[in-house]
Amino acid sequence: MNIGEAAARSGVPAKTIRYYEEIGLVRPAPRAVNGYRAYRDNDVHVLRFVQRARSLGFSVSECRQLLDLYRDPTRASAEVKALTLARIAAIDRKVAELAGMRAVLFELAERCQGDDRPECPIIRSLAERDET
């Protein structure tokens with residue numbers, strides 16, 4: 001199948017497939033007689049694997065590790081679990097960061113009258129200068 005069909009079947013845009021091939025995340029499909037890359041079902045499977053991992057927040061580097069583990073029949077599931085737990089910890093840090101941002105914004109919004117007057121604690125807070 002051509003790259004367009006591989007993209008449709010895997011859910012990965014053709015441009016992204018080319019990028020993944022360029023950085024060595026996935027192996028480039030072999031070229032057919034006409035010079036175009038000919039993707040196989042296994043290529044689509046690998047692209048779906050990467051797409052799922054990316055949708056769960058794994059970085060390209062982590063996807064590379066996961067693919068290496070996937071391809072290694074002697075892998076230890078402990079390695080996969082450790083990588084996953086590290087991703088969960090990163091998500092937890094991000095959630096805490098977002099919760100903190102939300103709390104600050106909520107407090108600022110609560111203090112703002114939201115009327116026709118120019119006085120606004122949100123603007124005042126954003127305009128504060130660091131005097132360090």
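Predicted model: local features only at pLDDT ≥ 70, side-chain atom pairs only at ≥ 80, totals over all residues.

Visitor: Why is Leu25 called buried?

Guide: Its relative accessibility is 2%, which lies under the cut-off, so Leu25 counts as buried. Leu25 is in the loop between helix 2 (14-22) and helix 3; helices here are DSSP runs of H or I with at least four residues, strands are E runs of at least two, and both are numbered from the N terminus. Leu25 and Arg71 are 46 residues apart along the chain, with 13 Å between their C-alpha atoms.

Visitor: What makes Arg40 partly exposed?

Guide: At 47% relative accessibility, Arg40 falls in the in-between range, so it is partly exposed. Like Leu25, Arg40 sits in the loop between helix 2 and helix 3. Its C-alpha atom is 6.5 Å from that of Met1, 39 residues away along the chain.

Visitor: Where is Asp43, and which side chain of opposite charge is nearest to it?

Guide: Asp43 belongs to helix 3. It is buried yet has no salt bridge, and the nearest side chain of opposite charge is that of Arg40, 4.0 Å away. For charge, Lys and Arg count as positive and Asp and Glu as negative, while His and the chain ends are not counted. A salt bridge is a side-chain nitrogen of Lys or Arg within 4 Å of a carboxyl oxygen of Asp or Glu.

Visitor: How do you know that Asp43 and the backbone nitrogen of Arg40 make a polar contact?

Guide: A polar contact is a pair of N or O atoms within 3.5 Å; within protein one must be able to donate a hydrogen and the other to accept it, and residues adjacent in sequence count only if both atoms are side-chain atoms. Ser10 gives another case: its side chain reaches the backbone oxygen of Ala6 at 2.8 Å. Ser10 lies in helix 1 (residues 3-10) and is buried, with a relative accessible area of 7%.

Visitor: How many salt bridges are there, and what makes Glu62 and Arg87 one of them?

Guide: The count comes to seven. The closest N and O atoms of Glu62 and Arg87 are 3.1 Å apart, so the pair meets the salt-bridge rule. The pair links distant parts of the chain, with Glu62 in helix 4 and Arg87 in helix 5 (residues 77-111), 25 residues apart. Both Glu62 and Arg87 are buried. Leu83, also in helix 5, has its C-alpha atom 7.6 Å from that of Glu62 and is buried at 11%.

Visitor: What makes something a pocket, and which residues lie nearest the centre of the largest pocket?

Guide: On a 1 Å grid over the protein atoms alone, a pocket is an open set of points with protein on both sides within 12 Å along at least five of seven lines, whereas a cavity is a set where a 1.4 Å probe fits but cannot get out; lining residues have an atom within 4 Å of a point. The largest pocket has 14 lining residues, with Arg27, Asn42, Asp43, Val46 and Arg71 nearest its centre. Helix 3 (41-55) and helix 4 (60-71) are the elements that give two or more residues to this lining, and helix 3 supplies the largest share, four residues.

Technical notes:
Residues numbered from 1 in each chain as written. Heavy atoms only, no water. Buried < 20%, exposed > 50% of the residue type's maximum accessible area, 1.4 Å probe, protein only.
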